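Please look over the sequence and the model before reading on. The paragraphs below begin with one of the pockets and then widen to the chain as a whole.

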Amino acid sequence: MVLARNVFGLAGWSGSGKTTLMARLIPALSARGLSVATVKHAHHAFDIDQPGKDSYVHRMAGAQEVLVASANRWALMHENRGGPEPTLADLLSKLSPVDLILVEGFKRDAHPKLEVHRPSNGKAPLWPGDPRIVAVASDADVPDCPLPVLDLKDVDTIADLILRVTGVGG
């Protein structure tokens with residue numbers, strides 16, 4: 001399935017710096033006047049709710065969805081209750097319209113991606129097996145890589161690449 005044109009991912013192994021890069025890209029892109037949403041894949045059970053809170057009580061009582069709202073934000077929690085993990089396309093359909101959606105994780109999905117790669121992690125690069133990886137961001141040389149290799153700390157150049165690939169903002 002082809003995802004929306006304004007979707008771009010950061011892929012890489014755990015510890016490569018995806019979240020740190022994401023935290024630097026969001027304000028850099030927002031400063032260019034773009035609205036940005038993010039989707040993060042978690043490989044483990046996670047909980048944004050806390051025991052003792054009313055919303056937690058609602059979920060534990062069996063509610064399929066719980067929406068918590070205040071003047072500052074709202075959050076919708078959906079329990080899969082043993083059902084299949086939602087696809088990236090399913091999750092993207094839940095988002096409000098924005099200029100750009102950055103995806104962290106979902107490294108096997110069919111959207112353009114930047115691989116965040118640190119050779120010091122000792123993990124094999126993803127780019128040889130994923131034609132959707134358009135460039136690599138690294139803190140070291142990446143020998144034999146036929147793709148553009150960007151400095152992991154050069155957020156402006158990485159932002160330029162994302163906007164060029166997605167066609168957003170131009």
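Lining the second largest pocket are 14 residues, and those nearest its centre are Lys40, His41, His43, Gly105 and Lys107. A pocket here is an open set of points on a 1 Å grid over the protein atoms alone, where a 1.4 Å probe fits and protein lies on both sides within 12 Å along at least five of seven lines, and a lining residue has an atom within 4 Å of a point. By class, this lining holds two nonpolar, six polar and six charged residues, where Ala, Val, Leu, Ile, Met, Phe, Trp, Tyr, Cys and Pro count as nonpolar, Asp, Glu, Lys and Arg as charged, and the others, Gly among them, as polar. The volume of the second largest pocket is about 290 Å³, a volume being the space filled by probe spheres set on the points, which are joined across faces, edges and corners.

The model is predicted, with local features needing pLDDT of at least 70 and side-chain atom pairs counting only at pLDDT 80 or more, while totals for chains, interfaces and linings use all residues. Residues are numbered from 1 along each chain as its sequence is written, and side-chain values use heavy atoms, with hydrogens and water left out.

The largest pocket has a volume of about 1400 Å³. Of the 26 residues that line the largest pocket, Phe46, Leu76, Met77, His78 and Leu91 are the closest to its centre. Strand 4 (74-78) is among the elements that supply at least two residues of this lining, together with strand 2 (36-40) and helix 3 (88-92), and strand 4 gives the most, with five residues. Helices (H or I, at least four residues) and strands (E, at least two) are DSSP runs, numbered from the N terminus. The lining of the largest pocket divides into 12 nonpolar, six polar and eight charged residues.

Two single residues can be followed next. His117 lies in strand 6 and counts as buried because its relative accessibility is 7%, buried meaning under 20% relative accessible area and exposed over 50%, with partly exposed in between (1.4 Å probe, protein chains only). Apart from neighbours within four places in sequence, His117 is in contact (heavy atoms within 4.5 Å) with Lys123, Ala124, Pro125, Val136, Ala137, Ser138, Asp139 and Val142. Gly122, in the loop between strand 6 (113-117) and strand 7 (133-138), counts as exposed because its relative accessibility is 65%.

Taken as a whole, the protein chain has four helices and eight strands, and buried residues make up 36% of its 170 residues.
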